[in-house]
Structures are given as structure tokens and as C-alpha cells.
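Biologist: Before we go through this chain together, please keep to what can be computed from the coordinates, and tell me where each conclusion comes from.

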Amino acid sequence: MGSLSSPIPPLKQTAITSSDLSLLFETQRRHLNDFFDRLDLSQAAFFANTLLNAPGAVFFTGIGKSGIVAQKLAQTLASIGLSRASFLSPVDALHGDIGAIFEGDIIILISKSGASEELLALVPCAKAKGAILISLTSVEGNPLSKLCDTNVHLPIQGEICPFNLAPVTSAAVQMVFGDTIVAAVMAARKVTRDQYAKNHPAGKIGKSLIFKVKDVMKRKEELPICKEGDMIMDQLSELTSKGCGCLLIIDDLYRLIGTFTDGDLRRALKAYGADIFNLTVGQMCNRNPRTITADAMAVEAMQRMESPPSPVQFLPVIDYQNVVIGIITLHGLVSSGL
């Protein structure tokens with residue numbers, strides 16, 4: 001038997017040049033600028049205030065790429081805790097999910113063309129439930145905009161798709177518009193960092209907003225502590241065994257005097273050689289180290305470590321009387337996921 005030839009010819013090797021991308025990005029920039037120039041801000045303000053003062057639930061719906069945008073906007077609005085926002089599949093809605101809609105709820109229908117059959121079929125059913133319908137569309141005079149209670153026109157100059165068909169610009173416009181409105185609602189409601197953090201308990205966002213220094217610092221027996229008069233060579237074990245890369249020099253009341261790092265040790269060895277055996281920690285310590293309090297946000301500790309003139313690997317944690325209560329290290333922050 002002879003071998004069968006592949007029915008699909010091999011693709012010709014091509015390359016995308018920086019010039020190609022430059023042209024596309026510039027075209028996309030023009031399309032987005034056109035949207036900003038022609039957007040009716042009075043319509044945008046009405047839409048924003050409708051969300052801000054929503055008496056019930058807010059549902060976002062769409063089909064295809066507009067459906068993906070609708071899902072994202074619903075999730076963003078829900079994540080700031082300002083309304084009972086969720087995504088409603090237009091297809092599933094007609095097979096039972098419309099039962100989640102009650103009188104006075106708001107449904108945002110997103111469609112570039114305003115002619116999606118699935119959305120047009122949903123409109124009379126949603127109206128029968130007493131919902132308020134707002135469409136976000138881009139084609140003038142489309143049927144969806146005429147059926148809804150209100151329409152927000154999202155002007156589109158064109159798509160950067162070679163055929164002017166794929167929604168690569170219109171989807172971006174829908175997303176930019178929706179996210180900007182959500183940001184306006186957040187500002188109007190004066191959402192605090194703590195409120196935002198409660199809805200983001202996991203991941204980098206949540207940890208940066210929730211975790212405080214006291215949640216990730218080392219305490220008590222974990223602290224590399226020594227006194228000002230201790231000999232440097234006598235404290236090598238303390239310097240290396242606690243995994244902090246430093247010593248915290250304290251007085252009899254546990255108040256911070258300064259810090260001594262493994263870098264300070266190397267510099268002392270280079271400068272003094274064998275005479276280092278005669279030096280105390282207090283003679284070589286940094287008496288003006290960066291510090292932080294236990295109630296400060298963990299992300300602030302990281303920012304302080306990374307700030308000029310040069311980054312550091314740790315911060316002593318002190319109270320209002322300069323008493324050492326802990327230490328926070330860069331390694332500890334990274335390990336916690338920040």
C-alpha cells in the first residue's frame with residue numbers, strides 16, 4: 001500500500017514585523033481616540049448613575065465576544081460589592097435562568113450590532129418579568145436599542161481586523177467603557193481599601209490589601225537579638241542561625257539601638273582583619289536603620305525595603321516607644337505571596 005499524502009499543505013513561513021505591528025497599533029489608537037471623542041457623556045453618566053442607584057440585582061448579558069465582556073464586567077462589579085451583579089446567559093435565560101430576575105432588576109445587554117437573535121429573543125421575556133433593560137450597542141438604529149428602555153451608543157470607527165469584521169476593536173471599547181463606569185461607581189460610593197480587600201481574600205491583590213506586618217513578621221525567640229557591648233565574633237551564631245541576615249541591637253529595655261548585617265560583617269573583616277576580634281557590635285552597627293510598625297500594611301513594608309538609596313532585606317518592627325517586637329524580611333514577604 002502506498003502512503004497517504006496529507007490533505008493540508010504545509011503553511012508558508014511568514015513573519016510579523018515591527019512595522020506591521022506599529023501600523024496596527026496606530027490604527028487601533030485612532031479607533032479608540034475616535035470612541036473617546038464621540039462618546040455621549042450624558043448617556044454614560046445616566047448609565048453610571050443607574051448602576052450606582054440600582055435598587056435590585058444587575059445582570060450583564062451578551063453573546064460571543066460581547067458575552068465575554070459582559071461576564072468580565074459582571075464579575076468586576078460584584079467584586080467591589082456594590083450590587084448583586086452577575087452574568088446572565090441569554091440562551092440559558094430562555095431555558096429557566098430568567099427565573100432569577102425580579103421586578104426592578106436591571107439587565108445590561110451588550111452587542112456591537114444590536115441584532116443578535118439571542119438578545120432580541122430575551123427582551124420580551126425580561127420585560128414581562130418587570131426588568132429594566134439597557135443596551136450597549138455600536139450600530140446606529142439597531143433593533144435592540146429600539147426595544148430596550150435605554151440605549152448607550154458606543155461609537156466604533158472600525159475594526160483593525162483585515163476584513164473589518166472580527167470584534168478586536170469593538171470588544172476593547174466595550175471593556176474600556178464598562179470598566180471606566182465601574183471605576184466611577186467605586187469613586188462615588190467611596191469604596192475603601194478594607195471594603196475592597198474583603199472581596200479579594202486570596203491572591204496578590206487580597207494579600208497586599210489585607211496582610212499587615214504583624215501577620216508575617218517573626219517574633220520572640222525567632223529574633224536575632226544582641227546587646228551593644230557584645231563582641232562581634234561572639235554573635236556569629238546568632239547572626240547566621242535565625243535566617244534574617246542581621247542582628248538587632250537592643251538596650252536593657254528592649255529598645256532598638258541599631259542593626260548589624262552580614263554585609264557589615266564582611267566590610268568589617270575587610271577593613272579590620274584580625275582586629276575584628278576586639279570590636280563590639282555597637283562599634284560597627286547602623287544606628288539609623290529603617291523600621292516599621294506592626295500595624296502597617298505588609299505591602300508598605302516591601303515598598304520601604306525597596307526604596308532608595310539602596311534596598312534592604314529586612315525591617316525591625318518596633319512599637320511607639322521604639323521597643324523591638326519583631327522583624328519582617330523580604331524572604332518572608334515573598335514566601336507569603338506578596
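Biologist: Which residues touch the most other members in the largest nonpolar core?

Modeller: This is a predicted model, and in it the largest nonpolar core is made up of 31 residues. Among the elements that give two or more residues to this core are helix H2 (41-52), strand S1 (58-62) and strand S3 (106-110). The members that touch the most others are Phe47, Phe60, Ile108 and Phe177.

Biologist: Which element gives the most to this core, and with how many residues?

Modeller: The elements that give two or more residues also include helix H3 (65-79), strand S4 (132-137) and helix H7 (170-189). Of the contributing elements, the one that gives the most is H7, with six residues.

Biologist: Which residues is Ile108 in contact with, leaving aside its neighbours within four places in sequence?

Modeller: Ile108 is one of the core members that touch the most others, and a contact here requires heavy atoms within 4.5 Å. With the neighbours within four places in sequence left aside, the partners of Ile108 are Phe47, Leu51, Val58, Phe59, Phe60, Thr61, Ile134 and Leu136.

Biologist: Is Ala93 buried or exposed?

Modeller: Ala93 lies in helix H4, which covers residues 90-93, and, not counting residues up to four places away in sequence, Ala93 touches Leu88, Ile98 and Leu122. Buried means a relative accessible area under 20%. Because the relative accessibility of Ala93 is 1%, this residue counts as buried.

Biologist: How far apart are the C-alpha atoms of Ala93 and Arg266?

Modeller: Along the chain, Ala93 and Arg266 are 173 residues apart.

Biologist: Why is the chain described as more spread out than a compact globule, and what is its radius of gyration?

Modeller: The chain has 15 helices and 10 strands, and its C-alpha trace spans about 90 × 65 × 50 Å along the principal axes. For 338 residues the globule rule gives 20 Å, and the chain is more spread out than a compact globule because its radius of gyration is well over that value, at 31 Å.

Biologist: What share of the residues of the chain count as buried?

Modeller: The accessible surface of the chain comes to about 18,700 Å², with 57% of this belonging to carbon and sulfur atoms. Of the 338 residues, the share that count as buried is 43%.

Notes:
Residues are numbered from 1 along each chain as its sequence is written. This is a predicted model: local features need pLDDT of at least 70, side-chain atom pairs count only at pLDDT 80 or more; totals for chains, interfaces and linings use all residues. Side-chain values use heavy atoms; hydrogens and water are left out. A nonpolar core is a set of buried Ala, Val, Leu, Ile, Met, Phe, Trp, Tyr and Cys residues joined through side-chain atoms within 4.5 Å. Buried means under 20% relative accessible area, exposed over 50%, partly exposed in between (1.4 Å probe, protein chains only). Helices (H or I, at least four residues) and strands (E, at least two) are DSSP runs, numbered from the N terminus. The radius of gyration is taken over C-alpha atoms; the globule rule is 2.2 Å times the number of residues to the power 0.38. Accessible areas come from the Shrake-Rupley method with a 1.4 Å probe; for residues, only the protein chains shown count as cover.
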